[in-house]
Amino acid sequence: MQFRVDKLGVIIAALAAYGALLAPFATFRANRIVAGEARSIGEALPSAWTVVVLLLVTATVVVAVLKTPSRLRLGTAFAAIAALALGIGAAAGHLTPPENAYARVSPASGFWILLFALGLLAADALTRLRPSPLVRVLFLSAVLGFIAAVLTSGTWDGLSLLKEYASRADTFWAEAGKHVTLALGSLAAATIVGIPLGILCHRVARLRDGLLGVLNAIQTIPSIALFGILIAPLGWIAVHVPGAAAIGIRGIGTAPAFVALFLYSLLPVVANTVVGLAGVPREANDAARGIGMTDFQRLVGIEFPLAFPVILTGIRIVLVQNIGLATIAALIGGGGFGVFVFQGVGQTAMDLVLLGAVPTVLLAFTAAIVLDALIETATPNRNRVQSA
Amino acid sequence: MIEIEGITKRYGETTVVRDVSLTIAPRTVTVIVGTSGSGKTTLLRMINRLVEPTSGTIKLDGEDNRSLPDYELRRRIGYAIQGHGLFPHRTVAQNIATVPTLLGWDGARIEAKVTELLTLFQLDPVAFGPRYPHELSGGQQQRVGVARALAAEPKVLLMDEPFGALDPIIRAKAQDDLLAIQKHFETTIVLVTHDMEEAFHLADRIAVMDKGEVVQYATPAEMLVKPATAFVESLIGAGERPFRLLAIETVADAVEPGAAEGEAIASAATQREALSTLLWTGRKALPVIGPDGALIGKVSLDGLVQRAAGPT
Ligand SMILES: Nc1ncnc2c1ncn2[C@@H]1O[C@H](COP(=O)(O)OP(=O)(O)O)[C@@H](O)[C@H]1O
Ligand SMILES: [Mg+2]
């Protein structure tokens, strides 16, 4: 039997070997802000776990280097990732001295490198399998379900990040709510305003260049500057417009963050609506008019459905972008996961930064996968044009 | 009946259609021909008000076409274009059902109409109804486009180069099918083309356009015998004239008494086909059989040669 070598597999194997054998697996700190001490995988894990993790990593390396079926690669990678996830929980228990509430254990570079290498292998195998949109979403649900199960089981409770969470459980969920509200709310507002604007731009050519130019210019303003620019006018409105302050409009806080995210969101929504509508076949439009559709019937029945996948792509861009940008809202008192990030930076407490950053990344990732699946479902395969 | 009276269309300084007047008899096929850019499409689109004329009026059965909202007018007039213009996100059945749905027909009536039309256009309703346009061949798409235009049983059907995207064999078949359908529904058809062959094949009357003006409006035979201008003559093609003349008449009109040897030709065939057979087989005459298959006489080479001669 002939063995053939997979090029990406070699890189993954090298990364995994480095992460497992040379880089530190976990960091131990006496309390949350002192410098940590590195622990290798052998030191960090109880010996049984060391054996399990190393065996699975070795298996993955072998499977990765050789040209093996995608399903096998995917299965092995996930088994190894699961072992890694449970193992790091075991490391916390193993490294923390009994009765010590201050000591902190967190994953170190070796853990992250291993996770990255295994994730790369899984992602590569998954891409080659070309799963349908539904399967991708099911897969995502399974991964999220696994994370949720591990979290609720208490396996990770000894980890520094979860200790950080435990001491702020209330504010965590409040900020999570604000984060999601900011990201989704500004997206909803941008969709409600942006799609009609896009339709208007499509119909009125002169408006198109002007409006898209302005929106483009807004996109180039750095986000912190945009928040700053908005403080003055919103503050003025709060003071001078009766009732404005009562519904939460103020110079700082959620209002300017919301407005800024909304403004950033407009360009992708408007531009994609314009591009989508422009892509509707000219003959279809001409026929629609010629057989007696009113402008409104043509818009709703022909143009919008045909432009929908492109508009959805704009919404995807905005959602992922907003989930990320909403972190910055914390700088002006807008709340969200950014609160933990900036507090953590201020206190040089890395775990607190991660408490804000990890859920944000997870959220953005989830949104991207779900919307990509939606877009693929909404885009029919009409590319095949047959001739007589 | 379509009465076009003194229609002019200007875009800014340029006059695209200049003072055109035509009367189109009901249940006939009128073909508008001319070179590219001569204003054919613009003239056609003024009939259903996709283009609003600068001056002049158009009446349908005596009624000004501006007497009702444009979209209501268009629902009464069939419209089929080159490249068919089918809606890619709707099935064949949904495409055909578009106008009946706009008109608020009930579901059973729409379904019956779709089935009738698909059958008429030789597309199996069960197999083709649920398909999407991209799953059809070009010829099938074109047929669905015409079926959609006819779904609400319009008295008038406007067609803008409907067969322009088809290859020659499928195009000839589509033209014959169109004539059969026109007889079946007694539709008044106005068709735009730049293909003279197509015009002579389909037309009861031909309108030749040149630089926005109709320079001649006549039956094919009149046009061949008496082209109004040098432009019309060049469009017909001097070398083609005798053959076009024979092509627009049937063998039935050229039957002579007497008998002939060899394989017979049907009286419904064109005289051009008879001539072609005579030349190819090297015979002097062909026996002619009527629609019932009975021998009704002969068609001779000499007879056809006389018929193909122009006025002296
Ligand atoms: N909307 C328009 N605006 C300006 N010029 C037009 C417009 N539509 C057509 N034209 C011009 O009118 C002329 C005739 O066009 P058209 O009726 O499409 O010709 P044809 O169908 O005979 O090729 C062309 O020169 C074309 O450029
Ligand atoms: Mg044209």
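## A buried glycine in chain A

A:Gly87 is buried, and its relative accessible area is 0%. Because buried means under 20% relative accessible area, a value of 0% places A:Gly87 in that class. The model in which this is seen is a predicted one.

A:Gly87 lies in helix 4 of chain A, which covers residues 70-95. When its neighbours within four places in sequence are left aside, A:Gly87 is in contact with A:Leu45 and A:Trp49. A:Phe111 stands 24 residues from A:Gly87 in sequence, and the C-alpha atoms of the two are 10.0 Å apart in space.

## Helix 5 of chain B: length and ends

Helix 5 of chain B comprises 14 residues, 107-120.

At the start of the helix, the backbone nitrogen of B:Ala108 has a side-chain oxygen of B:Asp106 within 3.2 Å. After the helix comes B:Gln122, which has a positive phi, near 60°.

Which residues of helix 5 of chain B are buried? They are B:Ile110, B:Lys113, B:Val114, B:Leu117 and B:Leu118. These residues cover an arc of only 125° around the axis, and therefore lie on the same side of helix 5 of chain B.

On the face turned away from the buried side, helix 5 of chain B carries the exposed residues B:Ala108 and B:Glu111.

## Paired strands in chain B

Strand 1 (residues 2-11) and strand 4 (residues 55-60) of chain B run antiparallel and are joined by 5 bridges. Within this pairing, B:Glu3 has B:Lys59 of strand 4 as its bridge partner.

Strand 4 of chain B also pairs with strand 5 (residues 63-64) of chain B, in the antiparallel sense and over 2 bridges. Here B:Leu60 has B:Glu63, in strand 5, as its bridge partner. Strands 4 and 5 of chain B form a hairpin with 2 residues between them. In the turn of this hairpin, B:Asp61 has a positive phi of about 50°.

Definitions and conventions. Residues are numbered from 1 along each chain as its sequence is written. Chains are lettered from A and ligands numbered from 1 in the order in which they are written. This is a predicted model: local features need pLDDT of at least 70, side-chain atom pairs count only at pLDDT 80 or more; totals for chains, interfaces and linings use all residues. Side-chain values use heavy atoms; hydrogens and water are left out. Helices (H or I, at least four residues) and strands (E, at least two) are DSSP runs, numbered from the N terminus. The expected span of a helix is 1.5 Å times one less than its number of residues. Buried means under 20% relative accessible area, exposed over 50%, partly exposed in between (1.4 Å probe, protein chains only). The arc is that of the directions from the helix axis to the C-beta atoms. A polar contact is a pair of N or O atoms within 3.5 Å; within protein, one must be able to donate a hydrogen and the other to accept it, and residues adjacent in sequence count only if both atoms are side-chain atoms. Contact means heavy atoms within 4.5 Å. Two strands pair if DSSP finds at least two bridges between them.
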